[in-house]
Amino acid sequence: CVLRQRQERTPLQRALEHLLKKLEQRDPQQFFAWPVTDNIAPGYSAIITSPMDFCTMRQKVDDNQYNNLQDFLADFKLMCTNAMQYNQSDTIYYKTSKKLLHAGLRLVQPDKIGWLITLTP
Ligand SMILES: CC(=O)c1cc(-c2ccccn2)c2ncccn12
C-alpha cells in the first residue's frame, strides 16, 4: 500500500479524502491504518477473504476507483466487519471496529452530509 503523490482531484475525490480523514481520526491507535498481516494476526488471510484498510482506501481514492459515496462506504463497512469477524468480541480490535463503524455511518447521515453536497456538483 504505497501512497502516490497527489494528482488532480475531482470533487468526489476531494469529498472522499475529507471523509477518510475524519474516519481515520476515529482510529487513533492506527489499528486500521495498514493491511493486517498474518504475522500480527495468525491465520488472518485464511479467514478474511476480502481484506481492507485505510491506506488501501486512500490509494483507491487517489486512483479514482470509487465512482460514488456508496462504493467508498462499502469498503469502510468491509474493513470494520472484517475486524468483527476475525477478532473475538472482547478484544480491543472488535470494540474499536464497532465504534468506528457507527461513528463512520453517523458522519454520512443525510442531515450531516451538507459538506458532501457542497463538494460534489
Ligand atoms: C484490524 C485488526 O483486525 C487488527 C489490527 C491489528 C494491529 C494493527 C496495528 C498494530 C497492531 N495490531 C491487529 N492485531 C491482531 C489482530 C487483529 N488486528
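These legends accompany several close-up views of a predicted model. Local features need pLDDT of at least 70 and side-chain atom pairs pLDDT 80 or more, while totals for chains, interfaces and linings use all residues. Residues are numbered from 1 along each chain as its sequence is written, and side-chain values use heavy atoms, leaving out hydrogens and water.

**View 1. Helices H3 and H4 meet.** The axes of H3 (residues 54–62) and H4 (residues 69–86) come within 10 Å and cross at roughly 170°. That makes H3 roughly antiparallel to H4 (an angle over 145 degrees). Helices here are DSSP runs (H or I) of at least four residues, numbered from the N terminus; axes are lines fitted to C-alpha atoms over the stretch in contact, with angles from 0 to 180 degrees between N-to-C directions. Look for Phe-54, Met-57, Lys-60 and Val-61 of H3 against Phe-72, Asp-75, Phe-76 and Met-79 of H4 (contact: heavy atoms within 4.5 Å).

**View 2. Met-79 and its neighbours.** Leaving aside residues up to four places away in sequence, Met-79 touches Phe-32, Met-52, Asp-53, Phe-54, Met-57 and Leu-100.

**View 3. The largest nonpolar core.** This core has 26 residues, being buried Ala, Val, Leu, Ile, Met, Phe, Trp, Tyr and Cys joined through side-chain atoms within 4.5 Å. Leu-19, Phe-72 and Met-79 are among those with the most contacts inside it. H4 gives the largest share, seven residues.

**View 4. The buried residues of H5.** Here you can find Tyr-94, Thr-96, Ser-97, Leu-100, Leu-101, Ala-103, Gly-104 and Leu-107 (buried: under 20% relative accessible area, 1.4 Å probe, protein chains only).

Note on methods
Helices (H or I, at least four residues) and strands (E, at least two) are DSSP runs, numbered from the N terminus. Angles under 35 degrees count as roughly parallel, over 145 as roughly antiparallel, 65 to 115 as roughly perpendicular and the rest as oblique. Buried means under 20% relative accessible area, exposed over 50%, partly exposed in between (1.4 Å probe, protein chains only).
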